[in-house]
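Me: I would like to go through the terms used for this model and see what stands behind each. Please set every value against its definition.

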Protein chains: 2
Amino acid sequence: MRPLTHPALGDVTVEGILHALADPVRVAIYARIAAAECALMCSEFLKLDARDIPKSTLSQHFKVLREAGLIRSERRGVELRNTTRCEEIESRFPGLLKSVLNAHRVQLAERAAAAGAA
Amino acid sequence: MRPLTHPALGDVTVEGILHALADPVRVAIYARIAAAECALMCSEFLKLDARDIPKSTLSQHFKVLREAGLIRSERRGVELRNTTRCEEIESRFPGLLKSVLNAHRVQLAERAAAAGAA
DNA sequence: GCCAATAGTTCGTAAGTTCGGAACTAAGGA
DNA sequence: TCCTTAGTTCCGAACTTACGAACTATTGGC
């Protein structure tokens, strides 16, 4: 197992961020980590919106988020403690994460409303 | 040749937008269309930042932008006139496109500065 | 009207990416 | 030491992407 790698802020790219957040599972994960008060472990997400995510897939999703520079993961014993790097990214790309998360929230609300109406 | 299809605003997704803009060629195209005063044709982009983009690849990129709901393409004779749908998208996902384009601009500026310093 | 030119699209294939199951590693108990 | 828990790696199948060649549609010249 190779050690966890996190890009320096200067190596974070807009493309990497957008690619990472262009996946429904990954935005959902990221949104929840961003909203949480404390660090969350990967296994928190094995069930996501009533859907089962296989462990290997989840591990890849975390890797993508980490390598995009969106989250920081620290090993704590057996677990990983995941937190966002949003302040850092905010300093370089102001407003970006806020508006992506907001758009994601808008879309969730619309879908919930549509499902409720049906 | 099937007719050009544009999704209704309600069918535009955040994932689709982010996926479309997660490609350097496509953001560059989108940024230029968004900044232009008038509609631009596809062939404007056969040379992009001193790089040649093959016609078939370009056509696919435009298709992705169109189907993500980011641009509107109208046939005018042999050509396509491409314009952005940014006001529409702004009404649904406020701030999203602005901050993505801004982040893209920041990154370009940084790269230009780094290239200048080297 | 016919031919050539121009602007984009489609098709097919090669290269790359993503998903997920099975087998793995690493740390912490019992 | 062995078991359990948390996550990673490997690898094949399914999917996506890039781009050349062949195509379609529209216009202008004759």
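**Two chains and their terms**

Reply: Between chain B and chain A, seven residue pairs are in polar contact, both residues being at pLDDT 80 or more. This is a predicted model, in which local features need pLDDT of at least 70 and side-chain atom pairs count only at pLDDT 80 or more, while totals for chains, interfaces and linings use all residues. Residues are numbered from 1 along each chain as its sequence is written, chains are lettered from A and ligands numbered from 1 in the order in which they are written, and side-chain values use heavy atoms, with hydrogens and water left out.

Me: What makes a residue pair a polar contact?

Reply: A pair of N or O atoms must lie within 3.5 Å; within protein, one must be able to donate a hydrogen and the other to accept it, and residues adjacent in sequence count only if both atoms are side-chain atoms. Helix 1 and helix 5 of chain B each supply at least two residues of the side that touches chain A, and helix 5 gives the most, with 10 residues. Helices here are DSSP runs of H or I with at least four residues, strands are runs of E with at least two, and both are numbered from the N terminus.

Me: How do you know that the copies meet through the same surface?

Reply: The contact (heavy atoms within 4.5 Å) takes 23 residues from chain B and 23 residues from chain A. Of the interface residues of chain B, 100% are also interface residues in chain A, so the surface is the same. About 1900 Å² is buried between the two chains, 61% of it on carbon and sulfur atoms; buried area is the accessible area (1.4 Å probe) that two parts lose on being put together, summed over both. In chain B, the residues that lose the most area to chain A are B:E15, B:L18 and B:Q107, together 28% of what that side buries.

Me: Why is the pair A:E15 and B:R111 called a salt bridge?

Reply: The term asks for a side-chain nitrogen of Lys or Arg within 4 Å of a carboxyl oxygen of Asp or Glu. In A:E15 and B:R111 the closest N and O atoms are 4.0 Å apart, and the pair counts. A:E15 lies in helix 1 of chain A and B:R111 in helix 5 of chain B, so the pair joins two chains. The interface has four salt bridges by this rule, among them A:E110 with B:R92 at 2.5 Å.

Me: Is A:E15 buried or exposed?

Reply: Buried means under 20% relative accessible area, exposed over 50%, and partly exposed in between (1.4 Å probe, protein chains only). A:E15 has 17%, so it is buried, whereas B:R111 has 44% and is partly exposed.

Me: What makes A:R72 and A:E88 a tie between separate parts?

Reply: These residues form a salt bridge with N and O atoms 2.9 Å apart. A:R72 is in strand 3 (residues 71-76) and A:E88 in helix 4 (residues 86-92) of chain A, so the pair ties together parts that are 16 residues apart in sequence. A:R72, at 31%, is partly exposed; so is A:E88, at 26%. A:R72, A:R85 and A:E88 are linked in a network of salt bridges.

Me: Why is helix 1 of chain B described as largely enclosed?

Reply: Six of its eight residues are buried, so the rest of the structure largely encloses helix 1 of chain B. The buried ones are B:V14, B:E15, B:I17, B:L18, B:A20 and B:L21.
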